Amino acid sequence: MIGPSRRPRRRSLPPRRRRTATRRSYTTHRPGESAWVDRPISSDEVRRIASSGYPLWESIDVMQLRNRRITIAYYDLAERLCALLCRKDGRRDANWCTFATWSSMTIGTWIEDEVAQEQRHRHGHRLRLRLPRLVPNGLVAIGRPLVQRKDGTCYRCLAAGNRFVFLEIGLAVALFLESFANIDRRSSGRDDDNWTEYWDEVHHMLLELAHLDPSWLLTDAPEPEELRLGLRQYYEALFVTDPDERAELILAGNILIAAYEQRRVDGYVTASLALFTTRAIRNLVQHRSGAVAGWPWRWPSRVFARLMTRGLVLNTGDEQLLVSRPLPRIPGTEEGAPLFPTDLDTVTTPLLQALLTRYDLSRGMNRRRRVRDWTSFDERMNYITNLFRSRQQHESLFVPPFPPEIEAALLNGRLTVVRTTDTANPNLEPLN
């Protein structure tokens, strides 16, 4: 189903009329059904961007264009959600979509062949210097071509995961904006019937997406409770006037949605970092899991994943974070300055306290705020939790991922390519 280029603003309907509204269909679009995408990103635009296609066979150009559009859509959703959640105090808190913008941007640079080679070359000397002495330096040189083998299968797995996460969580956030953009934010205007109807629609959407055909390369669906509870924290933040309390609610929502996301992408991550690619991909297609069974394959894959983790980076507006190294302080902060913002250094919300106890495994030691094996859910969540908490109010996260002219070209279906020597200052050129 193709919607208009700009959807009229959705108005809040009286509860009785809204309960009888026709439930929308969550079918997705075929490749080429529409070349254009328009902002603001609506739920229909999310489905249009996440057009169907088989990631293991489609061309690199198709993956690149879709990935860059996903990045733009995340940025649009993040900015609008941030504006909705903040109040007149002017303090902005990054939401899950803010971080997803830069994660998607990073995946895009690895799909890009030339940049992927540059990234591996740039970090190759770091890998050799920091590997345990028992590991030969030549193993790193062998590992580089391994991640490009099988027509870039590891990148294709990451792209498939990025697309489906965007389809699920991007739709949920787009529906959140459509449902609550005009809500009365006074405490007297709070009506839990609005929340109940919104979540019923999201839950119905999740059930329909679970029945997409095998070309979507799905993994087993996590229980939706973490997603529901995370979005509920955003809903609660709409009615909070205290900025410190609001910041804690948003951080709790970010962590819960990230936990749901990481459970969803676990199979994609495992397959993308597998030593035995063919076996891992076949398991992903047949059993929705990228894990390789049997000790002759499992242990070498685990060693390979740990080796490749040493070269994984996350690019943001002003940082290039090597996830295998301890999370640094925000650029420009003084030596010895706290890692976390003042209002998130000491938390008072019971739910957030429980989430930090569950997912922050650093025990307050910065050397533990890193990842040794990216295929480990607990290690990923440890790093993500500390990243979210430390950067939630970092202004550089709110900058657009692309210049306006490049964004316009991408939204109109014209592919661009990133050529960069400094990820914080990309120089993008349209393809001829």
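This is a predicted model: local features need pLDDT of at least 70, side-chain atom pairs count only at pLDDT 80 or more; totals for chains, interfaces and linings use all residues.
Buried means under 20% relative accessible area.

Figure 1. Of the 15 residues in H15, 13 are buried, so the helix is largely enclosed by the rest of the structure. Helix H15 covers residues 377–391. At 1.5 Å a residue it should span 21 Å, and its end C-alpha atoms are 21 Å apart, which agrees.

**Figure 2. Overview of the chain.** The chain contains 16 helices and 4 strands. Of its 432 residues, 56% are buried. Among contacts with a separation of 6 or more, 75% are between residues 24 or more positions apart.

**Figure 3. The largest nonpolar core.** This core has 111 residues. The residues with the most contacts inside it are Trp-96, Phe-176, Tyr-198, Leu-231, Tyr-234 and Leu-238. Another core, of 5 residues, lies apart from it and includes Cys-154, Tyr-155, Val-313 and Leu-322. Neighbours within four places in sequence aside, Tyr-234 is in contact with Leu-81, Leu-85, Asn-95, Trp-96, Phe-176, Ile-250, Gly-253, Asn-254 and Ile-257.

**Figure 4. Packing of helices H9 and H10.** The axes of H9 and H10 (residues 243–272) are 8 Å apart and the helices pack at an angle of about 160°. Angles over 145 degrees count as roughly antiparallel, and H9 is therefore roughly antiparallel to H10. The crossing of the two helices is left-handed. On the H9 side the contact is made by Glu-226, Leu-227, Leu-229, Gly-230, Leu-231, Gln-233, Tyr-234, Glu-236 and Ala-237. Residues contributed by H10 include Arg-246, Leu-249, Ile-250, Gly-253, Asn-254, Ile-257, Tyr-260 and Arg-263.

**Figure 5. Arg-232 in helix H9.** Arg-232 is placed in H9, which runs over residues 225–237. Its relative accessibility is 14%, so Arg-232 counts as buried. Apart from neighbours within four places in sequence, Arg-232 is in contact with Arg-190, Asp-192 and Trp-195.

**Figure 6. Packing of helices H10 and H14.** H10 and H14 pack with their axes 9 Å apart, at an angle of about 40°. The two helices are therefore oblique to each other. Their crossing is left-handed. H10 makes the contact through Glu-248, Leu-251, Ala-252, Ile-255, Leu-256, Ala-259 and Arg-263. The H14 residues in this contact are Leu-351, Leu-352, Leu-355, Leu-356, Arg-358 and Tyr-359.

Figure 7. Helix H3 comprises residues 60–85, and its 26 residues should span 38 Å at 1.5 Å a residue. The end C-alpha atoms of H3 are 37 Å apart, which agrees. H3 is mostly covered, with 20 of its 26 residues buried. Cys-82 is located in this helix and, at 3% relative accessibility, counts as buried. With neighbours within four places in sequence left aside, Cys-82 is in contact with Arg-92, Asp-93, Asn-95 and Phe-398. The C-alpha atoms of Cys-82 and Thr-98 are separated by 8.7 Å, and the two residues are 16 residues apart along the chain.

Figure 8. Most residues other than glycine have a negative phi, and most peptide bonds are trans. Arg-39 and Pro-40 are joined by a cis peptide bond, with omega about 5°. Pro-40 lies in the loop between helix H1 (15–19) and helix H2 (43–49). Leu-217 is not a glycine but has a positive phi, near 55°. The loop holding Leu-217 runs between helix H8 (192–209) and H9. Leu-217 has a relative accessible area of 2% and is buried. Arg-363, also not a glycine, has a positive phi of about 55°. Arg-363 lies in the loop between helix H14 (350–359) and H15. With a relative accessible area of 67%, Arg-363 is exposed.

**Figure 9. Helix H16 and the residue Gly-413.** In helix H16 (residues 404–411) the buried residues are Ile-406, Glu-407, Ala-409, Leu-410 and Leu-411. Gly-413, which follows H16, has a positive phi near 90°.

Terms used
Residues are numbered from 1 along each chain as its sequence is written. Side-chain values use heavy atoms; hydrogens and water are left out. Buried means under 20% relative accessible area, exposed over 50%, partly exposed in between (1.4 Å probe, protein chains only). Contact means heavy atoms within 4.5 Å. The expected span of a helix is 1.5 Å times one less than its number of residues. A nonpolar core is a set of buried Ala, Val, Leu, Ile, Met, Phe, Trp, Tyr and Cys residues joined through side-chain atoms within 4.5 Å. Axes are lines fitted to C-alpha atoms, for helices over the stretch in contact, and angles run from 0 to 180 degrees between N-to-C directions. Angles under 35 degrees count as roughly parallel, over 145 as roughly antiparallel, 65 to 115 as roughly perpendicular and the rest as oblique. A crossing is left-handed if the near helix is turned anticlockwise from the far one by less than a right angle, and right-handed if clockwise.
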